[in-house]
Amino acid sequence: MKKKKLSLQLIIRRNERILAKIESGQEYFLKGESANKEYWEACCFYARALSEQGMNVTHCEKSINDTYVIQAEDKVFSLERSLSGEPMEFITDREINEIGRLLGIQHSLSSKITTPFTKGTSWSLFGGNQTGEIGDYDENELSYLDLKKQYETHHLLPKIELLFKQFRQTLYKIWSILPQGAVQGDFCYYNMLQEKDRSLAIYDFN
């Protein structure tokens with residue numbers, strides 16, 4: 001009987017995250033880092049629920065203990081089946097519209113299924129970056145500050161800054177009346193793959 005060829009590549013990222021790429025017929029990613037086990041389990045559960053509802057998202061495998069996440073010393077690990085498609089290096093209006101549509105589907109689905117999350121966060125909104133707590137992460141602000149640093153002498157920067165602040169202020173005012181639900185917390189193109197038909201596949205739910 002022929003044995004399947006198994007290849008394993010181990011990469012240490014930022015001295016705290018572990019990423020292993022496993023190929024054995026199907027391709028998998030073994031991910032590990034110092035994190036809260038219950039929270040990571042909830043993320044995997046939510047991704048699996050979205051997958052069962054027809055969304056093209058990462059598929060978390062269960063361990064022999066019937067959990068998505070296992071703990072080894074100071075790290076927790078999950079095993080994810082890889083998605084097809086190619087990484088996106090830039091996005092057009094078409095992808096922005098598709099991202100918005102998929103975000104709406106996530107909101108709709110999360111209002112119909114039981115989600116294990118008990119704490120809401122404001123990822124990428126309203127001036128975070130003050131602590132290391134989960135959810136205190138304002139990527140919009142960080143991206144804007146990076147843009148400002150790179151183009152500080154550009155004649156359009158004052159107008160961009162004004163529009164950015166106006167948009168955030170408007171969103172802040174209406175945030176409490178918008179539909180609330182669980183979504184992938186870092187819903188950006190670099191956590192997506194583009195299929196041959198240009199549809200998007202979503203990963204990195206933890």
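**A walk through the model**

Analyst: Let us start with aspartate 66, which sits in the loop between strand 4 and strand 5 (69-72), where helices (H or I, at least four residues) and strands (E, at least two) are DSSP runs, numbered from the N terminus. This is a predicted model, in which local features need pLDDT of at least 70 and side-chain atom pairs count only at pLDDT 80 or more, while totals for chains, interfaces and linings use all residues. Residues are numbered from 1 along each chain as its sequence is written, and side-chain values use heavy atoms, with hydrogens and water left out.

User: What is the phi of aspartate 66?

Analyst: Aspartate 66 has a positive phi of about 65 degrees although it is not a glycine. Aspartate 66 is also exposed, with a relative accessible area of 53%; buried means under 20% relative accessible area, exposed means over 50%, and partly exposed lies in between, using a 1.4 Å probe and protein chains only.

User: And what about glutamate 73, which phi does that one have?

Analyst: Glutamate 73 has a positive phi of about 55 degrees, although it is not a glycine. Glutamate 73 lies in the loop between strand 5 and strand 6, and it is exposed, with a relative accessible area of 78%.

User: Stepping back, how many helices and strands are there in the protein?

Analyst: The protein has four helices and nine strands, and along the sequence they follow the pattern β-β-β-α-β-β-β-β-α-α-α-β-β. Of the 206 residues in the protein, 30% are buried.

User: How much of the contacts is between residues 24 or more positions apart?

Analyst: Among contacts with a separation of 6 or more, 54% are between residues 24 or more positions apart, a contact meaning heavy atoms within 4.5 Å.

User: Now salt bridges, how many does a search of the whole structure find?

Analyst: The search finds ten salt bridges, a salt bridge being a side-chain nitrogen of Lys or Arg within 4 Å of a carboxyl oxygen of Asp or Glu. One of them joins lysine 31 and glutamate 80, whose closest N and O atoms are 3.6 Å apart. Lysine 31 lies in strand 3 and glutamate 80 in strand 6 (residues 75-81), so this pair ties together parts that are 49 residues apart in sequence.

User: Are lysine 31 and glutamate 80 buried or exposed, and which residues are linked in a network with them?

Analyst: Both lysine 31 and glutamate 80 are buried, and a network of salt bridges links Lys31, Glu80 and Asp204.

User: Which residue forms a salt bridge with glutamate 61?

Analyst: The partner of glutamate 61 is arginine 81, and their closest N and O atoms are 2.9 Å apart. Because glutamate 61 lies in strand 4 (residues 59-61) and arginine 81 in strand 6, the pair ties together parts that are 20 residues apart in sequence. Arginine 81 is partly exposed, with a relative accessible area of 32%.

User: Which residues does glutamine 26 touch?

Analyst: Not counting residues up to four places away in sequence, glutamine 26 touches Arg81 and Ser82. Glutamine 26 is placed in strand 3 (residues 26-33), and at 30% relative accessibility it counts as partly exposed.

User: Let me switch to helix 2, what should its 18 residues span?

Analyst: At 1.5 Å a residue, the 18 residues of helix 2 (residues 93-110) should span 26 Å, and its end C-alpha atoms are 26 Å apart, which agrees; the expected span is 1.5 Å times one less than the number of residues.

User: Which residues in helix 2 are buried?

Analyst: In helix 2 the buried residues are Glu95, Glu98, Ile99, Leu102, Gln106, Leu109 and Ser110. They cover an arc of only 105 degrees around the axis, which puts them on the same side of helix 2, the arc being that of the directions from the helix axis to the C-beta atoms. An α-helix has 3.6 residues a turn, so residues three or four places apart point the same way.

User: What covers the buried residues of helix 2, and which exposed residues does the opposite face carry?

Analyst: The cover includes helix 1 (37-52), strand 8 (192-194) and strand 9 (200-202). The face of helix 2 turned away from its buried side carries the exposed residues Asp93 and Asn97.
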